[in-house]
Amino acid sequence: MKHLLSVTDAEDSIFEILEKAAEFKEDPIMGQPLKNKTLAMIFEKASTRTRVSFEVAMFHMGGSGLYLSADDLQLGRGEIIEDTARAMTRYVDGVMIRAKEHEDVLKFAEYSNVPVINGLTNKEHPCQALTDLLTIKEHKGTYKVKLVFVGDGNNVCNSLLLAAALVGMDMTAVCPAGYEPDAEIFEKAREYAKKSGSKIELTSDIQEGLEGADVIYTDVWVSMGDEAEASKREEDFKDYQVNMEFLKHAKEDAIVMHCLPAIRGQEITDEVINSPQSVIWDQAENRMHTQKAVLYNLLTTF
Ligand code: CP
Ligand code: NVA
């Protein structure tokens, strides 16, 4: 890969990255392949997992991560993305950006001299989706399962559609009307699915979508940036809460996933998060192992 801006950038290396992620889980240091390398980490939005896992990953691999809040950079005072990219990438070996607008990450990459990683935008969350494949493989032993995403067809759902289709996993997005995944991404995922032999579906019908589910996945109803629509969204999503009753529509041994942060009592109940079916904490841990594999892929060959 040159950059990881979308899951599509990992089209040819996805299995290699996932294998490497499992290796990093066994051996967190792996001879420090990023000795003396530096990753700039620009955040325009809040983060717990992405920030900590990338920073610790760089430290384990022998390098360092620089946390940069967009508000504290000249970006926050009107310096344009292109100029920020041109200057900053003269100092560092890679850049991770969490941005409000996906186009800004694409623009940064266009003017960057070094690999750029999308740490979440309004459109995609590729590091999360790659991680989720690792977690599913660990718990189910195969990628050949049915993943059902329930809720907002937003960044996490978009990246999961692409990732699932690339590895031959069936995926159904169960989204209320008006909250469907990005149409272009959905079509791209269907193209990948044709090649990998998986099924990519979309419905608003919970019972239909959950039938035969091996994995149930949800995300917040009000994503970062959607706060002004909070009350409308709470109303529109109210039937889509993942609770114990809801799980009965899926396979008995289905696992439950959530990218986190979770708003307990909204999209998911305490009972489900704490149930033996939940693999949410393994999923959070796996962010670090998977991102090490992504960093290894991008920064050791660069
Ligand atoms: N899942 C995820 O990206 O978490 P953070 O927002 O805490 O980084
Ligand atoms: N969809 C959520 C994911 C958070 C990791 C958001 O964009 O806020």
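This report describes the domains, the ligand site and the nonpolar core of a predicted model.

## Basis

Residues are numbered from 1 along each chain as its sequence is written, while chains are lettered from A and ligands numbered from 1 in the order in which they are written. In this predicted model, local features need pLDDT of at least 70 and side-chain atom pairs count only at pLDDT 80 or more, whereas totals for chains, interfaces and linings use all residues.

## Two domains

The protein is divided into domain 1 (7-124 + 287-299) and domain 2 (128-283), with bounds that come from an automatic or database domain assignment. Their centres, taken over C-alpha atoms, are separated by 25 Å. To the contact between them, domain 1 contributes 23 residues and domain 2 contributes 18 residues, two residues being in contact if their C-beta atoms, placed from the backbone, lie within 7 Å.

## Ligand 1

Around ligand 1 stand Ser-47, Thr-48, Arg-49, Thr-50, Leu-120, Gln-128, Cys-259, Leu-260 and Pro-261, each with its C-beta atom, placed from the backbone, within 6 Å of the ligand. Because domain 1 and domain 2 both give residues to this shell, ligand 1 lies between them.

## Nonpolar core

The largest nonpolar core has 93 residues, and such a core is a set of buried Ala, Val, Leu, Ile, Met, Phe, Trp, Tyr and Cys residues joined through C-beta atoms within 7 Å, where buried requires 20 or more other C-beta atoms within 10 Å of a residue's own, all placed from the backbone. Among the residues with the most contacts inside this core is Leu-161, which, leaving aside neighbours within four places in sequence, is in contact with Met-171, Ala-173, Pro-181, Ile-185, Phe-186, Ala-189 and Ile-200.

How values were computed
A residue is buried if 20 or more other C-beta atoms lie within 10 Å of its own, exposed if 12 or fewer, and partly exposed in between; C-beta atoms are placed from the backbone.
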